[in-house]
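Open the model in your viewer and keep the selection tool ready. This tour goes stop by stop.

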Amino acid sequence: MAELKTKRQQQAAQIFKQQQKQYEKAHLHELDNYLEDLYEEDVAKKVRATGMISQLFRSTENFETLLSHQTLLQTMSRILREDMKRSIDLCINVISIFFAISNFSQFHGLIMDNQFHGLIMHNQVGASVVDFLGPIMDNKSSRRWHQPVHGSAESFRRLNRDGAITGEKQDRLLYICFYMLLNLAEDVNIERKMKKKNIAVFLVKMLERSNVELLILSTTFLKKLSIYRENKDKMGECGIVEKLCKFVPVHNDVLLMSVLRLLHNLSFDQSQREEMVKHGLITKSVELISAPRFQPVVLGLLYHVSIEDKCKNMFTYTDCIPRMYEMLTRAQDLRNTPELIALAVNLTQNTRNAEVMCEGDRFDRLIRRAFQTCDELAFKVVRNLSQQDSLNVKRRFGTYIEQMVMLLKAPDITAELFVEVLGTLANLFIPEFDFLGLVRMHTLLQFLATYAQPGAVDDDILLEVVMFVGVLCNEGTAPLLVESGLVNTLFVLMGEKKEDDEFVLQIAFSFNKFMMFEETRSALLHNTQVVFYLVDLLQDKNKEVRRVADQCLDVIMDTDEEWAVRIRNLKFESFNQEWLDAVSGHDDGHDGMMYGEDDEVDYGDGNYTIGGQRVVADFDEFAEQAGAYDDGGMSGNGGHGQEGDYDEEEQMKGYAIKSARRDPVTFVATRPSPQRRPPADAQESPHH
């Protein structure tokens, strides 16, 4: 920013020098004579007078005398208001005066509110400037230079020369106008008034011009305005991204930096990011990623674009991944390059980008660098690579798993690094890897058991422990898991973290793994009430939790017939709890089918009654009723065989279900009430 400000000041000084060459040297003691010339009808005299006064304002030594003059500022604003369309030189001279004053914040009050005559800058000077910009930016005053000309070659050349001079003066006037407004925009209230005058629209139109100094000033001003949503939306309506993309890249480094910073501000908006992708900004920006001067702002811009999942794939077909990889391996401290690590974390979430990152020896060099520096930021990228579904990527970690376990058990490891390393291990389910040998060699389960206790560590570490235990569970490690107490610990943890969807989901997934092996399944079913928890989770608001819980119950039902009957009953009770409460008479009043807890069930003679009310007719009576329908012209078979027949096998199944619901009274009595109620705004958690 300091560089841009210095550049603008140098450009303004150059413009003043160009103006100064047009007139002789001005003297302060002739100020009254210059003011008298302003009342002449001759425009040339007014131009000369305003030029001399403007020259006086270029020296700060004259400010005290000039600003204390009774009518000077009021006269200048009147001249601008009345004669601005008569001469572009007159406008340049007058606005140069106000511009010179605007360079000093302490004098902004004199411009905005002239204490001598109550002059309001916004209503007079400011409005005049902004209103005057419209026809200039439409080039209405110079359109005649572009019309066909008939005459000699000399006339044509003279006309072109005059047109070029006029265009140069327009650029000079616009530069001074916008520079003065930029100075005044230090006050947010004044900036808000400029917004009402559509200052953003005028500035976007400036991007169509070719004057480098004017482009630098316009993009700087637009960057300041773009932090407000109203201005940003107006810029989007004017198609600002398309106009800016043509300057990426551009040979002028100052202009390119200003354009990139403006694009970075606009990239916070999703619609503007889509426009940037549409106009090929990803490829253009990647070309600048290796330039040290533009690197931070380009990385920040690409990071914002990479937030969109649909845009991550587009980076695969550029040189971004290889260049980013080289920067990661060369960086001494990734904390000094937050934009780089943020972009790397975003891009490695995409499967194709992760595969490109692992091509050749890149993966080995990257993970060795991570081990060498013990940098948790580097392990964030490694962790992202480990969570890809591709087994080819996961298998690349096989030779480094033991080294990660050793790093995990290092006494001087930081909490941040511990989380990243443990999270990486929790993603590495490799079927052919010898987890049993790893567990025995490093007493890994006992180590994890010390961290799995509720309240022993922070939740982010505890969650990774739960996930890693699920990865470690296989046929060989199942007995060791039971011995370590982790099976019961995870069940206790389920109750402790019942309000946290992510914990519940990952613990349920670990239970799903436990149910696949005899030792861990037996420990859960006989020593805990896990079935009731899982049935309770079938009513959870999170569909992933419901899905994993249902999978666990399916595994139990497939492996244990006795539990299969109980789980069917529990599911029935869970999904029909309201109806069961109604028919069991939990309410005090009994109407219709309602009955009390002390009412007995009479099964005699096929006329089943509860509390003295008949609720089931016997089959003979039902058959007689069916025969009555035959008299109405219907077939006695009713499409189901002979009159009075019924499916005996289905009847026996029905009795079996009733008996199963009645017999294990003591079992049902031990069922705990639902202990987990997810929060009202529970979000769907990702499946492990």
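What follows is a walk through selected residues of a predicted model.

**Stop 1: a charged surface patch.** Select Asp 32, Glu 36, Glu 40, Glu 41 and Asp 42. Together they form a negative surface patch. Now pick out Glu 36. Helix 2, residues 31-37, holds Glu 36. Its relative accessible area is 53%, so Glu 36 is exposed, the cut-off being over 50%.

**Stop 2: the salt bridges.** How many salt bridges does a search of the whole structure find? The search returns 30.

Select Glu 191 and Lys 224. Their side chains form a salt bridge, with 2.6 Å from N to O. Glu 191 sits in helix 10 (residues 188-196) and Lys 224 in helix 12 (residues 212-225), so the bridge ties together parts 33 residues apart in sequence. Buried or exposed: how does Glu 191 count? Glu 191 is buried, at 3% relative accessibility. Lys 224 is partly exposed, at 27%.

Move to Lys 243 and Glu 208. This salt bridge spans 3.8 Å, N to O. The pair links distant parts of the chain, 35 residues apart. Lys 243 belongs to helix 14 (residues 240-245), while Glu 208 is in the loop between helix 11 (199-206) and helix 12. Lys 243 has 19% relative accessibility; the limit for buried is under 20%, so Lys 243 counts as buried. Glu 208 is exposed, at 54%.

Next, select Arg 383 and Glu 420. Their side chains meet at 3.3 Å, N to O, in a salt bridge. Here helix 24 (residues 376-386) supplies Arg 383, and helix 27 (residues 415-426) supplies Glu 420, 37 residues apart. Arg 383 counts as buried at 19%, and Glu 420 is buried at 7%. Salt bridges with shared partners join Lys 380, Arg 383, Glu 420 and Glu 464 into one network.

**Stop 3: a buried serine.** Select Ser 510, in helix 33 (residues 501-514). Ser 510 has a relative accessible area of 1% and is buried. Which residues does Ser 510 touch, leaving aside those up to four places away in sequence? They are Val 466, Gly 470 and Leu 490.

**Stop 4: Glu 519.** Go to helix 34 (residues 518-527), where Glu 519 lies. Glu 519 is partly exposed, at 37% relative accessibility. Beyond residues up to four places away in sequence, Glu 519 touches Ala 478, Pro 479 and Val 482.

Conventions. Residues numbered from 1 in each chain as written. Predicted model: local features only at pLDDT ≥ 70, side-chain atom pairs only at ≥ 80, totals over all residues. Heavy atoms only, no water. Helix = DSSP H or I, 4+ residues; strand = E, 2+ residues; numbered from the N terminus. Buried < 20%, exposed > 50% of the residue type's maximum accessible area, 1.4 Å probe, protein only. Contact = heavy atoms within 4.5 Å. Patch = residues over 30% accessible without salt bridge, like charges linked within 9 Å, V, L, I, M, F, W, Y side chains within 5 Å. Areas by Shrake-Rupley, 256 points an atom, 1.4 Å probe, with all protein chains shown as cover. Salt bridge = Lys/Arg side-chain N within 4 Å of Asp/Glu carboxyl O. Lys, Arg positive; Asp, Glu negative; His and termini not counted. Charge placed at Lys NZ, Arg CZ, Asp CG, Glu CD.
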